[in-house]
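Here is a short briefing on a structure. Read it with the model open beside you.

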Amino acid sequence: MRRAAIWLLAWGAWLGLLTGLQAAFAPKVIQFVIPGVASAACITSGLVLWAADRNRDPDERSRLITDSSVATVTLMVGVALALVGAGFGLWLILIGVGIGALGLGGIVREQRARARALRGGGTR
Amino acid sequence: MSAVAIPSRAGSLRTLASTDHKRIAGSACVIAFVFFLAGGLLALLMRSQLAADGGVVSQNAYNELFTMHGSTMVYLVIVPVALAVGLYFVPLQVGAAEIAGPRVALAGFWLYVLGGVCMWSGFLTSGGAASASWWGFDPLSDSVHSPGGGMDLWIFGVMLVTLGQILWGGCILATALRRRAPGMTLMRMPVFTWTMVATCTMTVFGFPALILALGLLWAQRHLGGVLTGGAGAVDYQALFWFYGHPVVYVMFFPFVGMVGEIIATFSARRFFGYSAFIVALLIFSGLSMTVWAHHMFTFGVLSNKYFALTSTALVVPAGIEYFDFLATIWRGSLRFTTAFLFALGFLVQFLIGGLTGIILASPPLDYGLNMSYFVVAHFHYTIFAGSAFGLFGGIYYWFPKITGVMLRERLGKLNFWLMVIGANLTFFPMFFLGAEGMVRRVARYPASSGWQGLNILSTVGSVVIALSVLVFAVNVVISLRRRRPAGDDPWGAHTLEWATSSPPPRHNFVALPPIRSYAPLLDLREAAERHSATEVSVTAAGVLG
């Protein structure tokens, strides 16, 4: 799996090269900054992935597949309401934050249940 | 790696909150189809207005119509569907039991739904929906020129939808890069999966620019002093188009992948030039992140020569991909199924969109054609006559896998021919209208211009498109009610998704075949054929001996 980072590194480098080519065309700063940031982010992601995969053993653990997550839906409803609240008033932001907090709590609960199930030795 | 499913909860909850990538993608496609119908209805209203040369809706209402039509089709239909198909099929094609980050994928789905509702709820506000085009031009979209909640809802809606798409892109990319089955190396991933890798890379690293642009736009509307003067408008457009051009390829690459799979399957041939295709995809997707300012040629403030160069250079990887398609078809045992016809339609019609794109990549020509109907025709040839044909090809190809039943071929072919006639009748006259000087986004044009005939032709075409969509809907309903079971692999396809049941089980595969190339099922068939040929020759030798 270590090769997986190659795509991100190659793509980021190619974008970086194309961004650098602009130097010959008297560019504005913004022309450099936007694709430059994207290129740097891609290369960084590639390096992180490469480092993460470098010491990874083949994963032989059982993986639990969660079938549904109401908490995730709740969190997203909260996020959406809080964002829309930026245009419609603090009251909506607070409602959104409240619902989001409920969702976040639910996700923590789901993760704990998942950890318990794994400790309990889920069948393969 | 093995996978175990946690016992599921109640039925309706399961659909709304399911973390199964297949359910999420299926729900997203259904919702996108609803938005497609709604966006199509807006288009029909616009076409009625132009055929009648005014009188159907007011200029303000027309502004809302084209803004919400464009926004719906780009943000809520083609991009989400392109990603949703990847969400469904990438894990299956790489032999994964599950998508990477199933909760994140579910979060992306809900951001999409809530964002879409947010955008459309602008129609319920007193000032109406957003009316500053799907680009949300600044200063047209500022609080002076677009007051009211409709524009704010549009901004928030697009931000939510885009955030959801970035999450989906991350999940798909992580699945392709990190969840592949043993034996599924990078250079054994199917063509469609590769196109999704390119698509999702662009999504993850290009789309945040739109969220930033919209955040700045919102701040400008409510706080001021953020996007001020001409420089502010240029900055907004630079950020927007850094999203806005790559998104064209996000709406293109997945359908190229679908067409590649369809052509290889129905030509009964291995995909020609696989490695060259992957390299072309890398070059293509990188280049497509550096062509964005060709939308700003007429500004005259960015480096037009550089962006003309990169925009024209796109023909090289595009040419390689077309060559691969044609070489795959060449001397193949062709089966003219509906899916294959749509794939051929994609190749021919996208070519028209692509070639007219070369014209627009030239600054001197673009100065004359910018903001005219020529651009509208070019854009719709790429997105509708191109990508939508690829999408319908993909639907006819993968519907049996998703539902377990076959779509009716006769109705499918009627759907195809109506769509060919409708698309060309609608969009081809627009090239002439644009060349004659008809500008886009106007509700009325001078009676003396002589443009009404071509506009009526275009409107008739849009009605034919609506008819073809109706035939498709009828086909789906009939096929789901009077079921003709598809089996696991009704087409004799090449890739892993056809190695599992139709529809696939919760964790996708009971067992995987050996993976020794990007076409493992074709490998198996060829090995079986070689084996039976050897048996026949041994038997023949025994008889002769």
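## Two chains and where they meet

In this predicted model, 46 residues of chain A are in contact with 55 residues of chain B. On the chain A side, helix H1 (4-21), helix H2 (29-54), strand S1 (62-65) and helix H3 (70-88) each supply at least two of the residues that touch chain B. H3(A) gives the largest share, 9 residues. By type, this side of chain A divides into 28 nonpolar, 11 polar and 7 charged residues.

**Chain A**

- Chain A holds 4 helices and 1 strand.
- Along the sequence, the order is α-α-β-α-α.
- Of the 124 residues in chain A, 30% are buried.
- Among contacts in chain A with a separation of 6 or more, 64% join residues 24 or more positions apart.

**Chain B: overall build**

- Chain B has 19 helices and 1 strand.
- The C-alpha trace of chain B spans about 90 × 50 × 50 Å along its principal axes.
- Chain B has a radius of gyration of 24 Å, which agrees with the value near 24 Å for a compact globule of 545 residues.
- Buried residues make up 57% of the 545 residues of chain B.
- In chain B, 83% of the contacts with a separation of 6 or more are between residues 24 or more positions apart.

**Helix H3 of chain B**

- H3(B) covers residues 59-93, which is 35 residues.
- From first C-alpha to last, H3(B) reaches 48 Å, close to the 51 Å expected at 1.5 Å a residue.
- H3(B) bends by about 35° at Pro80(B).
- The helix is mostly covered, with 31 of the 35 residues of H3(B) buried.
- Just after H3(B) comes Gly95(B), with a positive phi of about 75°.

**The nonpolar core**

- The largest nonpolar core has 212 residues.
- H3(B) supplies the largest share of this core, 21 residues.
- Leu87(B) and Leu111(B) have the most contacts inside the core.
- What does Leu87(B) touch, leaving aside neighbours within four places in sequence? The partners are His21(B), Ile24(B), Ala25(B), Ile99(B), Ala105(B), Trp168(B), Cys171(B) and Ile172(B).

**Ala100(B), a loop residue**

- Ala100(B) sits in the loop between H3 and helix H4 (102-120) of chain B.
- Is Ala100(B) buried or exposed? Ala100(B) counts as buried because 20 C-beta neighbours lie inside 10 Å, and the cut-off for buried is 20 or more.
- Beyond neighbours within four places in sequence, Ala100(B) is in contact with Cys171(B), Ala174(B), Thr175(B), Arg178(B) and Arg179(B).
- Cys171(B) is also among the contacts of Leu87(B).
- Between Ala100(B) and Met289(B) there are 26 Å, C-alpha to C-alpha, and the two are 189 residues apart in sequence.

**Backbone points to check**

Most residues other than glycine have a negative phi, and most peptide bonds are trans. The entries below depart from that pattern.

- Two loops of chain B carry a cis peptide bond.
  - The bond from Asp138(B) to Pro139(B) is cis, with omega near 15°. Pro139(B) is in the loop between H4 and helix H5 (149-178) of chain B.
  - The bond joining Ser502(B) and Pro503(B) is cis, with omega about -5°. Pro503(B) is in the loop between helix H18 (452-481) and helix H19 (520-544) of chain B.
- Ala26(A) has a positive phi, near 45°.
  - Ala26(A) lies in the loop between H1 and H2 of chain A.
  - Ala26(A) is exposed because 11 other C-beta atoms lie within 10 Å, and the exposed class takes 12 or fewer.
- Ala268(B) also has a positive phi, near 55°.
  - The loop between helix H10 (253-266) and helix H11 (274-287) of chain B holds Ala268(B).
  - Ala268(B) counts as partly exposed, with 15 C-beta neighbours inside 10 Å.

Notes. Residues are numbered from 1 along each chain as its sequence is written. Chains are lettered from A and ligands numbered from 1 in the order in which they are written. This is a predicted model: local features need pLDDT of at least 70, side-chain atom pairs count only at pLDDT 80 or more; totals for chains, interfaces and linings use all residues. The expected span of a helix is 1.5 Å times one less than its number of residues. The bend at a residue is the angle between axes fitted to the seven residues ending there and the seven starting there. Two residues are in contact if their C-beta atoms, placed from the backbone, lie within 7 Å. Ala, Val, Leu, Ile, Met, Phe, Trp, Tyr, Cys and Pro count as nonpolar, Asp, Glu, Lys and Arg as charged, and the others, Gly among them, as polar. The radius of gyration is taken over C-alpha atoms; the globule rule is 2.2 Å times the number of residues to the power 0.38. A nonpolar core is a set of buried Ala, Val, Leu, Ile, Met, Phe, Trp, Tyr and Cys residues joined through C-beta atoms within 7 Å.
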